[in-house]
Amino acid sequence: LNNSQISIIRSSIGYTLKDFTVLSDGTIIGLSDRKIYYFKDNNIEQISIPKNSVNSVNLLNDDSVVFATTTGLATLNSIEQKLNYLIPNAPLTNNFHAITILEDGRIVGGSNMGLAIKEANGWRNIVESTGDTIIQTIKDYNYFIADSIPVDFGVSISKLAQGPDGLLYCAIEGTYPYPRRNG
(Lines give C-alpha, C1' and ligand atoms only; values in the text may rest on other atoms or scores of the structure.)
Protein backbone atom coordinates (compact mmCIF):
# COMPACT_ATOMS: atom_id res chain seq x y z
CA LEU A 1 0.00 0.00 0.00
CA ASN A 2 1.14 3.55 -0.57
CA ASN A 3 1.28 6.15 2.21
CA SER A 4 -1.99 7.86 1.26
CA GLN A 5 -3.85 4.51 1.34
CA ILE A 6 -2.39 3.71 4.75
CA SER A 7 -3.33 7.15 5.99
CA ILE A 8 -6.95 6.78 4.75
CA ILE A 9 -7.30 3.38 6.40
CA ARG A 10 -5.90 4.57 9.73
CA SER A 11 -8.07 7.69 9.79
CA SER A 12 -11.17 5.69 8.81
CA ILE A 13 -11.04 2.84 11.27
CA GLY A 14 -8.61 4.11 13.87
CA TYR A 15 -6.40 1.03 14.03
CA THR A 16 -4.56 -1.37 11.80
CA LEU A 17 -6.15 -4.14 9.81
CA LYS A 18 -5.79 -7.79 10.75
CA ASP A 19 -5.36 -8.70 7.06
CA PHE A 20 -6.05 -7.20 3.64
CA THR A 21 -5.80 -7.82 -0.09
CA VAL A 22 -5.81 -5.49 -3.11
CA LEU A 23 -7.96 -6.23 -6.18
CA SER A 24 -6.77 -5.49 -9.71
CA ASP A 25 -9.00 -2.36 -9.84
CA GLY A 26 -7.28 -0.98 -6.72
CA THR A 27 -10.05 -1.82 -4.26
CA ILE A 28 -8.63 -2.78 -0.87
CA ILE A 29 -10.52 -5.40 1.13
CA GLY A 30 -9.44 -5.47 4.75
CA LEU A 31 -10.39 -7.16 8.00
CA SER A 32 -10.55 -5.97 11.56
CA ASP A 33 -11.76 -8.11 14.44
CA ARG A 34 -15.43 -7.56 13.68
CA LYS A 35 -15.76 -6.01 10.23
CA ILE A 36 -14.87 -6.36 6.55
CA TYR A 37 -13.90 -3.06 4.93
CA TYR A 38 -13.95 -2.07 1.26
CA PHE A 39 -11.70 0.90 0.44
CA LYS A 40 -11.96 2.37 -3.08
CA ASP A 41 -11.31 5.89 -4.31
CA ASN A 42 -11.31 7.27 -0.73
CA ASN A 43 -14.74 5.71 -0.09
CA ILE A 44 -15.17 3.17 2.68
CA GLU A 45 -17.89 0.57 3.09
CA GLN A 46 -18.00 -1.69 6.11
CA ILE A 47 -19.83 -4.95 6.70
CA SER A 48 -20.21 -6.43 10.19
CA ILE A 49 -19.24 -10.04 10.67
CA PRO A 50 -19.42 -12.39 13.67
CA LYS A 51 -16.55 -11.83 16.10
CA ASN A 52 -13.44 -13.88 15.36
CA SER A 53 -15.08 -15.79 12.54
CA VAL A 54 -12.78 -14.47 9.79
CA ASN A 55 -9.02 -14.93 10.08
CA SER A 56 -7.71 -13.81 6.70
CA VAL A 57 -8.70 -12.59 3.24
CA ASN A 58 -7.15 -13.95 0.05
CA LEU A 59 -7.25 -13.00 -3.61
CA LEU A 60 -7.59 -15.78 -6.17
CA ASN A 61 -6.20 -15.72 -9.71
CA ASP A 62 -9.59 -14.71 -11.19
CA ASP A 63 -9.74 -11.63 -8.89
CA SER A 64 -12.37 -13.25 -6.67
CA VAL A 65 -11.99 -12.98 -2.91
CA VAL A 66 -12.15 -15.81 -0.40
CA PHE A 67 -12.06 -15.53 3.39
CA ALA A 68 -10.48 -18.08 5.71
CA THR A 69 -12.81 -18.58 8.67
CA THR A 70 -12.79 -20.71 11.78
CA THR A 71 -15.18 -23.14 10.05
CA GLY A 72 -13.84 -23.20 6.48
CA LEU A 73 -13.69 -20.94 3.46
CA ALA A 74 -16.27 -18.25 2.72
CA THR A 75 -17.21 -15.74 0.06
CA LEU A 76 -19.00 -12.48 0.75
CA ASN A 77 -22.54 -11.88 -0.45
CA SER A 78 -22.32 -8.08 -0.45
CA ILE A 79 -26.04 -7.61 -1.23
CA GLU A 80 -27.17 -9.49 1.89
CA GLN A 81 -23.97 -8.50 3.73
CA LYS A 82 -23.28 -12.00 4.97
CA LEU A 83 -20.70 -14.68 4.40
CA ASN A 84 -21.50 -17.73 2.28
CA TYR A 85 -19.53 -20.60 3.79
CA LEU A 86 -17.86 -23.20 1.57
CA ILE A 87 -17.19 -25.92 4.10
CA PRO A 88 -15.71 -29.03 2.50
CA ASN A 89 -16.37 -32.56 3.66
CA ALA A 90 -14.03 -32.98 6.62
CA PRO A 91 -13.87 -34.37 10.14
CA LEU A 92 -15.29 -32.18 12.90
CA THR A 93 -11.86 -31.74 14.47
CA ASN A 94 -8.30 -32.88 13.87
CA ASN A 95 -7.69 -33.32 17.60
CA PHE A 96 -9.13 -36.73 18.47
CA HIS A 97 -8.93 -38.04 22.03
CA ALA A 98 -9.75 -41.61 21.00
CA ILE A 99 -9.82 -43.55 17.73
CA THR A 100 -11.17 -46.98 16.83
CA ILE A 101 -11.71 -49.06 13.70
CA LEU A 102 -15.11 -50.68 13.35
CA GLU A 103 -15.56 -54.25 12.09
CA ASP A 104 -16.65 -52.95 8.67
CA GLY A 105 -13.40 -50.95 8.34
CA ARG A 106 -14.73 -47.46 9.12
CA ILE A 107 -12.52 -45.27 11.29
CA VAL A 108 -14.16 -43.35 14.15
CA GLY A 109 -12.46 -40.50 16.00
CA GLY A 110 -13.94 -38.87 19.08
CA SER A 111 -13.37 -35.75 21.15
CA ASN A 112 -15.32 -33.34 23.34
CA MET A 113 -16.71 -31.91 20.07
CA GLY A 114 -18.31 -35.20 18.99
CA LEU A 115 -17.56 -38.09 16.66
CA ALA A 116 -16.13 -38.17 13.13
CA ILE A 117 -16.71 -41.30 11.07
CA LYS A 118 -14.69 -41.95 7.90
CA GLU A 119 -17.10 -43.70 5.57
CA ALA A 120 -16.44 -44.94 2.03
CA ASN A 121 -17.63 -41.64 0.49
CA GLY A 122 -16.19 -39.20 3.04
CA TRP A 123 -16.56 -37.92 6.60
CA ARG A 124 -19.78 -38.00 8.61
CA ASN A 125 -19.87 -36.17 11.94
CA ILE A 126 -22.04 -36.66 15.03
CA VAL A 127 -22.34 -33.55 17.21
CA GLU A 128 -24.00 -32.92 20.55
CA SER A 129 -27.38 -31.27 20.75
CA THR A 130 -29.66 -30.12 23.55
CA GLY A 131 -32.69 -30.98 21.43
CA ASP A 132 -33.87 -33.92 19.39
CA THR A 133 -31.86 -36.44 17.44
CA ILE A 134 -31.43 -35.28 13.84
CA ILE A 135 -30.00 -37.86 11.45
CA GLN A 136 -30.04 -36.93 7.77
CA THR A 137 -30.65 -39.95 5.54
CA ILE A 138 -29.48 -38.22 2.33
CA LYS A 139 -25.89 -37.00 2.55
CA ASP A 140 -23.90 -34.91 0.08
CA TYR A 141 -20.29 -35.90 0.71
CA ASN A 142 -19.05 -32.86 -1.22
CA TYR A 143 -19.91 -30.75 1.84
CA PHE A 144 -19.58 -30.89 5.61
CA ILE A 145 -21.98 -33.42 7.15
CA ALA A 146 -23.07 -33.27 10.79
CA ASP A 147 -25.92 -35.16 12.41
CA SER A 148 -26.90 -34.33 15.99
CA ILE A 149 -27.83 -36.37 19.04
CA PRO A 150 -28.81 -35.29 22.58
CA VAL A 151 -25.53 -36.43 24.14
CA ASP A 152 -23.02 -34.35 26.04
CA PHE A 153 -19.53 -35.36 24.93
CA GLY A 154 -18.08 -33.90 28.13
CA VAL A 155 -14.47 -32.77 28.28
CA SER A 156 -12.99 -35.83 26.60
CA ILE A 157 -13.73 -39.20 25.07
CA SER A 158 -11.17 -41.49 26.62
CA LYS A 159 -12.09 -44.70 24.80
CA LEU A 160 -14.13 -45.84 21.80
CA ALA A 161 -15.08 -49.46 21.23
CA GLN A 162 -17.52 -51.44 19.14
CA GLY A 163 -19.56 -53.82 21.26
CA PRO A 164 -20.64 -57.36 20.36
CA ASP A 165 -24.05 -55.89 19.45
CA GLY A 166 -22.42 -53.75 16.71
CA LEU A 167 -23.03 -50.47 18.55
CA LEU A 168 -20.31 -47.92 19.24
CA TYR A 169 -19.58 -47.27 22.92
CA CYS A 170 -17.85 -44.13 24.18
CA ALA A 171 -16.18 -43.62 27.55
CA ILE A 172 -16.95 -39.94 28.15
CA GLU A 173 -15.27 -37.91 30.88
CA GLY A 174 -16.79 -34.87 32.56
CA THR A 175 -20.54 -35.14 31.99
CA TYR A 176 -21.82 -35.19 35.58
CA PRO A 177 -23.33 -33.29 37.33
CA TYR A 178 -23.70 -30.50 34.73
CA PRO A 179 -25.19 -30.47 32.22
CA ARG A 180 -27.63 -33.19 33.24
CA ARG A 181 -27.85 -34.87 29.87
CA ASN A 182 -26.80 -38.30 28.73
CA GLY A 183 -23.11 -38.83 28.37
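## Ile29 and its contacts

In this predicted model, Ile29 touches Asp19, Phe20, Thr21, Leu23, Ile36, Tyr37, Tyr38, Val57, Val65 and Phe67, leaving aside residues up to four places away in sequence.

In soluble globular proteins, nonpolar side chains tend to be buried together. The largest nonpolar core here has 14 residues. Within this core, Ile29, Ile36, Phe67, Leu76 and Leu83 touch the most other members. Two or more residues of the core come from each of the elements β2 (28-31), β3 (35-40), β5 (54-59), β6 (65-69) and β7 (72-77).

## The four-stranded sheet

Which strands form the open sheet, and in what order? Four strands take part, in the order β1-β2-β3-β4, with antiparallel pairing. β1 (19-22) and β4 (43-48) are at the edges, and each has a single partner strand, so one side of each has no neighbour in the sheet. On average, neighbouring strands of the sheet are turned by 15° against each other, ignoring direction.

The pairing of β1 with β2 is antiparallel and runs over four bridges.

## The helix on the sheet

Helix α1, residues 3-13, packs on this sheet. The helix touches β2, β3 and β4. What angle does the direction of α1 make with that of β3? The angle is about 135°.

Definitions and conventions
Residues numbered from 1 in each chain as written. Predicted model: local features only at pLDDT ≥ 70, side-chain atom pairs only at ≥ 80, totals over all residues. Heavy atoms only, no water. Core = buried A, V, L, I, M, F, W, Y, C linked by side-chain atoms within 4.5 Å. Buried < 20%, exposed > 50% of the residue type's maximum accessible area, 1.4 Å probe, protein only. Contact = heavy atoms within 4.5 Å. Pairing = 2+ DSSP bridges. Axes fitted to C-alpha atoms, helices over the stretch in contact; angles between N-to-C directions.
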